[in-house]
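Thank you all for making the time this morning.

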Amino acid sequence: MPGVTRLSVRDIRKSFGAHEVLSGISLEAQDGDVISVLGASGSGKSTFLRCINLLEIADAGEIWVDGEQIRMIHGSGRSRPASQKQVDHIRSELGMVFQSFNLWSHMTILQNIIEGPVHVLKRPRAEAVSEAEALLEKVGIADKRHVYPAHLSGGQQQRAAIARALAMKPKVMLFDEPTSALDPELVGEVLRVMRALAEEGMTMLVVTHEMSFARNVSNRVVFMREGLVECTGTPDEMFGDGASPAFRQFIGHFAN
Ligand code: ADP
Ligand code: MG
């Protein structure tokens, strides 16, 4: 459904002690948008994603997921969500993929994938299993369904983690440097899965240092610097002449 706003973040702020990490970040993702979030280490990218899926609670600002505002209590002390029930619901609408895969090591790949659908969404087990098998097929590791994560390569584990997130049928997928922990030869297989998802119309917010993904797969690029959106635009604008000097300097580090 193009034109439907899946995610809207308005002026969020977050400090850790006296250190303001997010200084008023806004971003809107329409259905099917693939937004690459770029920025130097320490610019607040992970904190930004963690605030969206409520692993951290922003000190101020608004977050809307698929038209529903997350209700917050911004008191004199620490901010907190108004309703744990809403937090659980919002989390189920946001798929998160981390740098470090984060699969459950004591479960097989199939068990990892059906855990959320069966225990959180209360789906019948047989249905969850057949959907999981289809997802494993899609990410190219159907033959690994009864294997434990430790026996997979990093690229296979990350593809399993993507399948696990997709099993919850999220409205938006959040990726935090999904290929940064991988050996270079395994990066491509994960990026291919992400590109296929993008082409299917999944709404995605992707923190990455993969400039080819930012340029060729995303339809928008956001450059974060010191807790602010320093500039944003289409890949053509950002990698052409439209970007700020700071962004040009940043991408200069990735030029070969
Ligand atoms: P990025 O993902 O862009 O590298 P982060 O969001 O991880 O940036 O971190 C931004 C800044 O916030 C860093 O200076 C980091 O040390 C600090 N920070 C992140 N999480 C915490 C935390 N839980 N407690 C204190 N400081 C934190
Ligand atoms: Mg980070």
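Let me begin with serine 43, where a polar backbone atom lies 3.2 Å from an oxygen atom of ligand 1. Please keep in mind throughout that what you see here is a predicted model. At glycine 44 it is again the backbone that takes part, with an N or O atom 3.0 Å from an oxygen atom of ligand 1, whereas lysine 45 uses its side chain, an N or O atom of which is 2.8 Å from an oxygen atom of the ligand. As for how far the ligand is covered, ligand 1 on its own would expose 560 Å², and of that area the protein buries 60%.

Let me now turn to the helices. Two packed helices are described by the angle between their axes and by the distance between those axes, and I will give both values for each pair.

Helix H3, residues 109–119, packs against helix H5, residues 154–166, at an angle of about 25°, and their axes are 8 Å apart. Because angles under 35 degrees count as roughly parallel, H3 is roughly parallel to H5, and the crossing of these two helices is right-handed.

H3 also packs with helix H4, residues 125–138, here at an angle of about 130° and with the axes 9 Å apart. H3 and H4 are therefore oblique to each other, and H3 passes H4 in a crossing that is right-handed.

Finally, how are H5 and helix H6, residues 184–199, arranged? Their axes are 8 Å apart and the packing angle is about 20°, which means that H5 is roughly parallel to H6, and H5 passes H6 in a right-handed crossing.

Notes. Residues numbered from 1 in each chain as written. Chains lettered and ligands numbered in written order. Predicted model: local features only at pLDDT ≥ 70, side-chain atom pairs only at ≥ 80, totals over all residues. Heavy atoms only, no water. Polar contact = N/O pair within 3.5 Å; in protein donor to acceptor, adjacent residues only side chain to side chain. Areas by Shrake-Rupley, 256 points an atom, 1.4 Å probe, with all protein chains shown as cover. Axes fitted to C-alpha atoms, helices over the stretch in contact; angles between N-to-C directions. Helix = DSSP H or I, 4+ residues; strand = E, 2+ residues; numbered from the N terminus. Parallel < 35°, antiparallel > 145°, perpendicular 65-115°, else oblique. Left-handed = near helix turned anticlockwise from the far one by under 90°.
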